[in-house]
Amino acid sequence: MNFVQPEPTTVRLERHLDGLRRGELRITRCCACGRAQFPPRSVCPGCHTAGSFTWETASGRATIWAFCVFHKAYLPPPAPQPPYTVAVVELAEGPRLVTNIVDADPATLRVGEAVLPVLGPGGAAEVRFRPERGTR
């Protein structure tokens with residue numbers, strides 16, 4: 001039996017952060033079953049194959065899967081200050097990720113709404129999303 005040594009978590013995280021610094025939202029795809037994954041994992045949650053994946057740049061297209069509006073500050077600036085929107089967005093490739101929705105009035109957001117990525121300023125390794133219909 002061949003055993004593939006999975007890439008260490010720190011290496012997978014650094015590959016993801018390097019992509020964000022270059023302006024890319026990177027995900028992994030299982031070579032055995034084709035399932036897209038985020039966050040990158042050492043074992044595919046679909047077929048349970050270990051260490052068999054490739055990296056790809058996601059399109060960035062996504063939809064709001066769920067969201068809530070926070071009215072309390074949990075961290076000091078530069079963390080988001082109230083009111084701010086925390087959402088789960090589903091990428092066009094399939095994976096879901098927890099993020100913030102920016103440049104939007106929370107009262108107008110809807111589940112299923114199309115959103116686009118907003119990468120961190122000055123090459124910061126972060127990604128948030130904004131409604132595709134434009135900045136409000």
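The protein comprises 1 helix and 8 strands, as described here for a predicted model. Read from the N terminus, the elements follow the order α-β-β-β-β-β-β-β-β. The C-alpha atoms occupy a box of roughly 55 × 30 × 25 Å when the extents are taken along the principal axes. Of the 136 residues of the protein, 31% count as buried, and the protein exposes about 7,700 Å², of which carbon and sulfur atoms supply 56%. Among contacts between residues at least 6 apart in sequence, 51% join residues at least 24 apart. With regard to charge, the mean position of the 16 positive charges and that of the 12 negative charges are 4 Å apart.

An open sheet is formed by 3 strands in the order 2-1-3, with antiparallel pairing. Its edges are strand 2 (36–37) and strand 3 (53–57), each of which pairs on one side only. Helix 1, which spans residues 9–21, packs on this sheet through contacts with strand 1 and strand 3, and the direction of the helix makes about 15 degrees with that of strand 3. Strand 1, covering residues 26–30, pairs with strand 3 in the antiparallel sense over 5 bridges; within this pairing, Phe53 of strand 3 is the bridge partner of Cys30. On the side of strand 2, strand 1 is joined by 2 bridges, again with the two strands running antiparallel, and here Thr28 stands opposite Gln37. Strands of a sheet pair through backbone hydrogen bonds, in either the parallel or the antiparallel sense. Strand 1 is mostly covered, given that 4 of its 5 residues are buried.

Strand 5 (residues 84–91) and strand 6 (residues 96–101) pair in the antiparallel sense over 6 bridges, and Ile101 in strand 6 is the bridge partner of Thr85.

Gly19 is placed in helix 1 and counts as buried because its relative accessibility is 0%, where the cut-off for burial is under 20%. When neighbours within four places in sequence are left aside, Gly19 is in contact with Glu24 and Arg26. The C-alpha atoms of Gly19 and Pro95, residues that are 76 apart along the chain, are separated by 17 Å. Gln37, in turn, is located in strand 2 and is buried, with a relative accessible area of 2%. Residues up to four places away in sequence not being counted, Gln37 touches Ile27, Thr28, Arg29, Cys30, Val43, Cys44, Pro45 and Pro95.

Several backbone features in the loops were also examined. Most residues other than glycine have a negative phi, and most peptide bonds are trans. The peptide bond from Phe38 to Pro39, however, is cis, with omega near 0 degrees, and Pro39 is found in the loop between strand 2 and strand 3. A cis peptide bond is likewise present from Pro77 to Pro78, where omega is near 20 degrees; Pro78 lies in the loop that connects strand 4 (62–70) and strand 5.

Asp103 lies in the loop between strand 6 and strand 7 (114–119), and its phi is near 55 degrees, a positive value in a residue other than glycine. The relative accessible area of Asp103 is 37%, so that this residue is classed as partly exposed.

Notes
Residues are numbered from 1 along each chain as its sequence is written. This is a predicted model: local features need pLDDT of at least 70, side-chain atom pairs count only at pLDDT 80 or more; totals for chains, interfaces and linings use all residues. Side-chain values use heavy atoms; hydrogens and water are left out. Two strands pair if DSSP finds at least two bridges between them. Contact means heavy atoms within 4.5 Å. Axes are lines fitted to C-alpha atoms, for helices over the stretch in contact, and angles run from 0 to 180 degrees between N-to-C directions. Buried means under 20% relative accessible area, exposed over 50%, partly exposed in between (1.4 Å probe, protein chains only). Accessible areas come from the Shrake-Rupley method with a 1.4 Å probe; for residues, only the protein chains shown count as cover. Lys and Arg count as positive and Asp and Glu as negative; His and the chain ends are not counted. The place of a charge is taken as NZ of Lys, CZ of Arg, CG of Asp or CD of Glu.
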